[in-house]
Amino acid sequence: MVEVAASRDEEEAAPLVSAAGEGRRRGAGAASETRDLHVLSSAFFFVFLAYHAAQNLQSTVNTDENLGSISLGLLYASFTAFSVVGSPVVRRLGSRSALVLGTSGYLLFIAANLAPSWYTMVPASLYLGFTASIIWVGQGTYLTSAALSHARDNNLADGPTLGSFNGEFWGVFASTQVIGNLISLALLRNGKDGGSVTGKNLLFVVFLGCMIIGIVLMCLLSKRDEKRDNASTHSSFGAMLKYIVAPLKDRRMLLLIPIIAYSGLQQAFVWAVFTKSIVTPVLGISGVGGAMAIYGASDVVCSLVAGRFTSGLHSATFIVSVGAVLQAVVLFWLLLFYSPMDGLLGAAVPLFIGALWGVGDGVLNTQLSALLGLLFEDVKEAAFAQLKVWQSGAIAVIFFLSPSITLQAMLILMATSLVISFGSFLLLTLVVEKPSSTTR
């Protein structure tokens, strides 16, 4: 009897021990997911504070035969072409390994700027286009996987968790424009034509150090379970191609593509047009870093706030509407009323435009990433590949067009694209909500 009672006590105690262990594992999982979010954000911070500042300076420090602008155009054209292969590479390697590999292109691009020529910058730009397609599909896949795991481990809703994770990531990411450009401003502050050779080389050596820190942080990410056990179903090229283009058969993706393309247009507008045609005539080359730092600070605040308020399609529609209206105001004001002015007011105008534009960029980054993770969870690698195909293609268009068309023509192109893309996004809201309303 004593033995029976003892065994019964052990059986009753076992579930309690198991539940306690499960609770510890769940808590450890939640801690791991938030840790990975912080590490991923920090890694991208170091990599992109160097890259963004270097990108902003290309048209001013590499002016020989427009080497800087053409290199960036080739970079984003390569990015567009290779975005199709980004998804299968990420699925094959896993998002963590893809992120580590993806940083190599950024390191090579920064190194090429220490000896800029057609023989260094063009190959580095083409290779960066390939690795950028990998790192960005990997980023979207990894962050979405971490957010959804965190939501399920803690019984949280997917939408707000995706919004929160994307808000933190894009807020930290946007701060790269602040820190990187302040570093540029400090090291090139006396330069009227892009700074001295010594100052420029010192700047890119500092950027190389930041890149190395970012790569080390990428290596510290946890390996995530992303349901790669179904990779065998995509073993043939034909099957993988069908997987990649699968989102294009979904009308939700077709309605998202215009706003995705516009998100690329508006980023490239800042890098290629705003700095050259709005900032430089008023503040000079040395003022580019300061203007872009303000743009980045606005982007940071907006990304964090927008991420916190994201709960689903309704909230995303409202948030995107705010950003779209602000960018529309800027575009139509530049198109109809703007002319460079002297004095303190004239100097403040480009800074104010940069701040307003940063709001729109922060909105689009957080909301598009959260929506893709929410609407295309089953094909998230392919969805984020589509994001980068259309986004980078639009960026390449701006870099190739900007040297040959006027500011007025560029503003008309941007305003038209904004109206079309925002209308398509509003239609997406109706398409997604219609089935749920009929179900009720």
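Cys302 is buried, at a relative accessible area of 11%, where buried denotes under 20% relative accessible area, exposed over 50%, and partly exposed the range in between (1.4 Å probe, protein chains only). Cys219, by contrast, counts as partly exposed, because its relative accessibility is 47%. A disulfide is a covalent bond between the sulfur atoms of two cysteines. The search of the whole structure returned zero disulfides, the criterion being a pair of cysteine sulfur atoms within 2.5 Å. The model is predicted, so that local features require pLDDT of at least 70 and side-chain atom pairs pLDDT 80 or more, while totals for chains, interfaces and linings use all residues. Residues are numbered from 1 along each chain as its sequence is written, and side-chain values use heavy atoms, with hydrogens and water left out.

The secondary structure of the protein consists of 13 helices and zero strands; these elements are DSSP runs numbered from the N terminus (helices, H or I, at least four residues; strands, E, at least two). Of the 440 residues in the protein, 54% are buried. Among contacts with a separation of 6 or more, 85% join residues 24 or more positions apart, a contact being defined by heavy atoms within 4.5 Å.

Helix α12 (residues 380–401) comprises 22 residues and spans 32 Å from its first C-alpha to its last, close to the 32 Å expected at 1.5 Å a residue; the expected span is 1.5 Å times one less than the number of residues. Helix α12 is mostly covered, with 18 of its 22 residues buried. In helix α4 (residues 118–153), Ala147 is buried, with a relative accessible area of 0%. Beyond residues up to four places away in sequence, Ala147 touches Thr161, Leu162 and Phe165. The C-alpha atoms of Ala147 and Gly163 are 8.9 Å apart, at a sequence distance of 16 residues.

Across the whole structure, 23 aromatic pairs were found. Rings of Phe, Tyr and Trp (its six-membered ring) were paired if their centres lie within 6.5 Å, with planes under 30 degrees apart classed as stacked, over 60 as edge-to-face and the rest as tilted. The pair Tyr51 and Tyr106 is edge-to-face, because the ring centres lie 5.2 Å apart and the planes stand at 85°. Tyr51 belongs to helix α1 (residues 2–61) and Tyr106 to helix α3 (residues 95–112), so the pair ties together parts 55 residues apart in sequence. Both Tyr51 and Tyr106 are buried. The pair Phe269 and Trp357 is tilted, because its ring centres are 5.2 Å apart and its planes meet at 40°. Phe269 is located in helix α8 (residues 251–283) and Trp357 in helix α11 (residues 343–375), so this pair ties together parts 88 residues apart in sequence. Phe269 and Trp357 are likewise buried.

Ring pairs also join Phe44, Phe48, Tyr51, Tyr106, Phe109, Trp136, Phe169, Trp170 and Phe173 into a cluster. The charged end of Lys388 sits over the ring of Trp136, at 4.3 Å from its centre. Arg252 lies over the face of Phe376, 5.0 Å from the ring centre. For such placements, NZ of Lys or CZ of Arg must be within 6 Å of the ring centre and within 35 degrees of the ring normal.
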